[in-house]
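Please open the model in your viewer and keep the selection tool at hand.

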Amino acid sequence: MMLADILNSLYLFSDKVMFLNPPAREHAINFFQEKYSLQLPDEYVEFIKYHNGFALMGDSLYGVGQEHGQKSMDRLYHVQHQEVLNPMFPNLVPFSPDGYGNHYCFDLNTLEDGSCKIVFWQHDVDYTHEAPEVTNDSFYSWIQEVIIDWTFENYGFDGRKRG
């Protein structure tokens, strides 16, 4: 799956239901990676150079940079690793909340050739003896399945409920 395919699919959704942020600034990407001593997946970095986050029908992708305030990956990473009762593992980078305290995350332990597996972190699960569920093999496959396909199962590109 390629970035152009993902963008073309996202652009089919009406502006009434899809909000795409402007591109990320290179220094914001570098600042985030340096601050937390990590390497973001190339797919994510490539995507946010076009749209530094988005919202579609209640689902969202967080972007990097302080201009996003509470909805920045910077803030989300800090909170989920430092301020919660059940902190995330250091190798997980949350990028999309489900609205119930759970998050889709990059599993940086699986980073290879610029891509990594996506896991679903549940805030109320004790992961002492198990790992978070792997949901997708890559960021682009996550966008295609979770954002585009699941939305389109219930809604048209104009946001109207399907049949």
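Select helix H1 (residues 3-10) together with H5, whose axes come within 10 Å and cross at roughly 20° (axes are lines fitted to C-alpha atoms over the stretch in contact, with angles from 0 to 180 degrees between N-to-C directions; helices are DSSP runs of H or I with at least four residues, strands are runs of E with at least two, and both are numbered from the N terminus). Because of that angle H1 is roughly parallel to H5, a term for angles under 35 degrees.

This is a predicted model, in which local features need pLDDT of at least 70 and side-chain atom pairs count only at pLDDT 80 or more, while totals for chains, interfaces and linings use all residues. Residues are numbered from 1 along each chain as its sequence is written, and side-chain values use heavy atoms, without hydrogens and water.

Next, show the side chains of Leu 3, Ile 6, Ser 9 and Leu 10 in H1, which meet Tyr 140, Ile 143, Gln 144, Ile 147 and Ile 148 in H5; contact here means heavy atoms within 4.5 Å.

Stay with H5 (139-154), which, like strand S4 (92-97), gives two or more residues to the lining of the largest pocket. H5 gives the most to this lining, with six residues.

Terms used
Parallel < 35°, antiparallel > 145°, perpendicular 65-115°, else oblique.
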